[in-house]
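Here's a quick tour of this model, starting with its sheet and ending at its ligand. Keep the structure open as you read.

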Amino acid sequence: MSVQKIQKPEGKLGVLIVGLNGAVATTFTAGLLLTRNGFSKPIGSLTQMATIRIGKRIENNFPVIKEFAPLAELNDLVVGGWDISNYDCFDAAKEAKVLNDKDIESVSKELERILPMKGVFDKNYVKNLDGSYIKKGENKYELMEKLQDDIKKFKKENNLNRLVVIWAASTEIYIKEGGVHQNLDSFIKGMKENHEDISPSMLYAYAAISQGVPFINGAPNLTVDIPALLELAEKNSVPIAGKDFKTGQTLIKTVLAPMLKARMLGLSGWFSTNILGNKDGLVLDEPGSFKTKEESKLSVLDSILQPELYPDLYENYYHKVRINYYPPRGDNKEGWDNIDIFGWLGYPMQLKVNFLCKDSILAAPIVLDLVLFADLAQRAGMKGIQEWLSFYFKSPIHSPNTVPEHDLFIQLMKLKNTLRTIMNEEPVTHIDPDIMD
Ligand SMILES: NC(=O)c1ccc[n+]([C@@H]2O[C@H](COP(=O)([O-])OP(=O)(O)OC[C@H]3O[C@@H](n4cnc5c(N)ncnc54)[C@H](O)[C@@H]3O)[C@@H](O)[C@H]2O)c1
């Protein structure tokens, strides 16, 4: 891959968000407009704020990522999407109660102009929600075709050059990969026969990828992580990425666990619990949706600690994850981690983390980076699973012949080295040059 092959980010880039009226989507959209209008800085966004070292440290060459790689400009993003309630983005941002009124009102005119298209929704897949603004169709295939039409229409009406679709809608119930997901033929047949293992999120993913549009999954649903959609992505040269934005407790977990392993400290138990009162918390209060989230949150520790290689340290640790719906807190999640560890001679110690975070404030910059990087990947001719974007996800999608990387700093190195490589620069290995003499 070489820099000459990356197409320039000419024209406008459409950002179609599934769940346009949700807390994450409105916090992202309002934040984008506030940043664009100079009211705020894009804090938390790597693409906008982080630098990347090029060459040796002594060369002192640290360009900002957005100046190093040919990313779309914030002014060229056009936001749209789908939801199952018919509010405009201004009302939806107020309803989400993440940002204060002053911030929302500063960009009210632009927010009011962003309206959702009717969603494809089925209560069987998100039991704690009701949808009033939804598409009707004979079968799932027909519903998917309506989403394809929406994508074409949005592109034409807004005079867009390219698009990215991102799922920031509610977490669906847990679905295991099954026969219908194994290849494109069985998946298309399954859509026509209304197969129950094909959820609405899969229809959005199919609609996007079939139109040559990158698809990102910010929730833990299976969605695009199935052989049939990977086959479609490879066939249509489309990048895909997911699953589940890595924001609060899992972000902390993927920093602390590598530290324990790096110092060969043992773990006997890790208990993570939190209280959360937004709509996401309500959806996750239902066992089917919680199971999807739980699987995503539980997977990280084993993968980082490798108990099979370090049985003395990690063989029997107890890992528990709880999410408690507690309305008074809204989007202001409070998470507690109690970590029981042991050191020299097996002597026990404890670590306690109390993270008072704002879920959507942590997720919004991730949306921005993923959209810009997925678009870059497509212009660079990168197709299929984008493992270099694992940095942003709790359960990174990976090909069957690799294992997921969860350590945040290895993920960051992988991301930056991928950027260096596609821009024809040397990857940074951190090897002391003297060692080679
Ligand atoms: N905020 C975070 O830190 C974070 C981290 C990881 C993952 N997530 C995931 O991101 C998603 C969004 O989170 P949120 O806090 O914005 O939730 P939210 O409940 O505020 O928003 C979800 C939106 O999706 C809409 N929706 C549901 N099903 C839909 C469908 N089939 N089609 C179109 N719209 C649909 C809902 O009406 C709602 O407006 C959730 O799945 C959540 O688990 C969030």
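## The sheet

Seven strands line up as β3-β2-β1-β4-β5-β6-β11 in an open sheet, with parallel pairing. At the edges sit β3 (117–118) and β11 (384–385), each pairing on one side only. Two strands count as paired if DSSP finds at least two bridges between them; helices (H or I, at least four residues) and strands (E, at least two) are DSSP runs, numbered from the N terminus.

Take β5 (residues 215–217) and β6 (residues 239–241): they pair in the parallel sense over 2 bridges. F215 has I240 of β6 as its bridge partner.

A word on conventions: numbering starts from 1 along each chain as its sequence is written. This is a predicted model, where local features need pLDDT of at least 70 and side-chain atom pairs count only at pLDDT 80 or more, while totals for chains, interfaces and linings use all residues.

## Helix α1

11 of the 14 residues of α1 are buried (20 or more other C-beta atoms within 10 Å of the residue's own, C-beta atoms being placed from the backbone), so the helix is largely enclosed by the rest of the structure. Among them are F28, L32 and L33. Just after α1, G38 takes a positive phi of about 75°.

## Around the ligand

Domain 1 (3–245 + 360–422) and domain 2 (250–356) both give residues to the shell around the ligand, so the ligand lies between them; the domain bounds come from an automatic or database domain assignment. α15 gives the most to this shell, with 4 residues.

Key:
Buried ≥ 20, exposed ≤ 12 C-beta atoms within 10 Å, placed from the backbone.
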